[in-house]
Amino acid sequence: IGGGTSLATQKECLQLMGCHGMNSVARLGEIIAGFALGLDLSTLGAISNGTFAASHEKLGRNRPENGLKEEHLNREFFEHVVGEKGTLVSWEPFNVNTGNSIISELTKAEIVKKVGHFGITVHYKDIKGQICVMKVVIKSKPTDVETCNMINKMALGCGFTLASIYERNKAETGFRMCQVREVELARLNNQYVRTFSPAVHHTIQNTKKDIHVIVMDFIDEKQFTHFNTVHDISVWREDDMKVVLRDLAQIHASLWKITTKF
C-alpha cells in the first residue's frame with residue numbers, strides 16, 4: 001500500500017505479518033479490521049462495566065499519589081482547623097453516620113485515597129488557657145470523573161442501554177467539576193449559605209493533587225427532627241417542605257445577586 005512499502009523497515013514489518021508481496025493486500029486489510037474490531041469491543045466492554053476512564057484515573061502516571069491521604073491529617077492540618085481560636089492540643093477520630101452519602105461511600109471503595117466523611121474531636125487551648133473541645137467533620141470529595149464512573153456502574157445495574165447513554169453524556173450532568181464547586185461554595189462569605197450550612201473551619205482546593213476538602217462543624221442528628229430521614233419520609237409535612245424550598249430559593253437568589261426576600 002503506497003510506495004513506502006518498498007523501504008527496508010516498512011518491508012520488514014509487512015513480512016513479519018505475512019503481508020509483503022503480491023496478493024497480500026486483503027490479508028493486511030483483515031488484520032487492520034480485526035484490530036479495529038478488537039479495539040471497539042474493548043471500548044464497549046469498558047463502557048458497559050464503568051471502567052472506561054477508571055483505569056486511567058487510577059493507574060495513570062502519578063495518579064496513585066494523588067488525593068487526600070492519612071498522612072495529610074497531621075498537626076499542621078489541624079492547626080489550620082483551630083486557626084485563631086487558640087493553640088492545638090490533640091485530636092482523635094470518632095465515627096459518623098455516613099449511610100446517606102451513597103455516592104461517596106460507593107466511590108471510596110473503588111479508589112485508594114480518602115473520600116467521604118470523617119469525624120474528628122479536636123482539643124485546643126483558648127487565649128485564656130482553657131481547654132476547649134470542637135467536633136468537626138472532614139469531608140473529602142471524589143473528583144467528578146470518579147463520581148461519574150461510579151454512577152455509570154450503578155446505571156449498568158439497570159442495563160447496558162442506560163449505562164452506554166450515561167457514558168456518552170456524563171460530561172453534561174450536574175456532577176461536572178462538583179468537587180471544585182462544593183469547596184468554593186463552602187468558602188463563600190454569603191450570609192444565607194452560612195446561615196443554612198454548618199460552620200466551615202478549613203478548606204483545601206488542590207486540583208493538581210485532587211485534594212478537595214471541607215472541614216465543618218459536626219451536626220448531632222439528635223438535635224434535629226428531620227436529620228437522615230431519606231429512608232423515612234413520613235416525618236415530612238407540607239409545611240416542612242415549603243420551608244426547605246423557601247430557604248433553597250433564598251440561597252440561589254443571593255448567589256444570583258437577586259435581592260428578593262422569600
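The model is predicted: local features require pLDDT of at least 70, side-chain atom pairs count only at pLDDT 80 or more, and totals for chains, interfaces and linings use all residues. Residues are numbered from 1 along each chain as its sequence is written, and side-chain values use heavy atoms, with hydrogens and water left out.

## Overall architecture

The chain contains 10 helices and 5 strands; helices (H or I, at least four residues) and strands (E, at least two) are DSSP runs numbered from the N terminus. Of its 262 residues, 33% are buried. Here buried means under 20% relative accessible area, exposed means over 50%, and partly exposed lies in between (1.4 Å probe, protein chains only). Among contacts (heavy atoms within 4.5 Å) between residues at least 6 apart in sequence, 59% join residues at least 24 apart.

Helix α8 has the buried residues Cys178, Gln179, Val180, Val183 and Ala186. These buried residues of α8 pack against α6 (144-156), β4 (200-206) and β5.

## The largest pocket

The largest pocket has a volume of about 2,000 Å³. Lining it are 50 residues, and those closest to its centre are Phe196, Ser197, Pro198, Ile219 and Phe227. Two or more lining residues come from each of β3, α8, α9 (191-195), β5 (211-217) and α10 (238-255). Helix α10 provides the largest share, 7 residues. By class, the lining comprises 26 nonpolar, 14 polar and 10 charged residues.

The terms are set as follows. On a 1 Å grid over the protein atoms alone, a pocket is an open set of points with protein on both sides within 12 Å along at least five of seven lines, and lining residues have an atom within 4 Å of a point. Grid points are joined across faces, edges and corners, and a volume is the space filled by probe spheres set on the points. Ala, Val, Leu, Ile, Met, Phe, Trp, Tyr, Cys and Pro count as nonpolar, Asp, Glu, Lys and Arg as charged, and the others, Gly among them, as polar.

## Individual residues

Ser140 belongs to strand β3 (residues 131-140). The side chain of Ser140 reaches the backbone oxygen of Lys114 at 2.6 Å. Beyond its neighbours within four places in sequence, Ser140 contacts Leu68, Lys114, Val115, Gly116, Phe118, His212 and Val213.

Asn66 lies in the loop between α3 (54-59) and α4 (75-82). Not counting residues up to four places away in sequence, Asn66 touches Lys113, Lys208, Lys209 and Asp210.

Phe175 is placed in the loop between α7 (160-169) and α8 (178-187). Its C-alpha is 5.8 Å from that of Asp144, although the two residues are 31 apart in sequence.

Asn23, in the loop between α1 (8-16) and α2 (25-48), has a positive phi of about 60 degrees although it is not a glycine. Lys257, in the segment after α10, likewise has a positive phi of about 60 degrees without being a glycine.

The relative accessibilities of these residues are tabulated below.

| Residue | Relative accessible area and class |
|---|---|
| Ser140 | 3%, buried |
| Asn66 | 9%, buried |
| Phe175 | 29%, partly exposed |
| Lys257 | 73%, exposed |
| Asn23 | 79%, exposed |

Definitions and conventions. A polar contact is a pair of N or O atoms within 3.5 Å; within protein, one must be able to donate a hydrogen and the other to accept it, and residues adjacent in sequence count only if both atoms are side-chain atoms. On a 1 Å grid over the protein atoms alone, a cavity is a set of points where a 1.4 Å probe fits but cannot get out, and a pocket is an open set with protein on both sides within 12 Å along at least five of seven lines; lining residues have an atom within 4 Å of a point.
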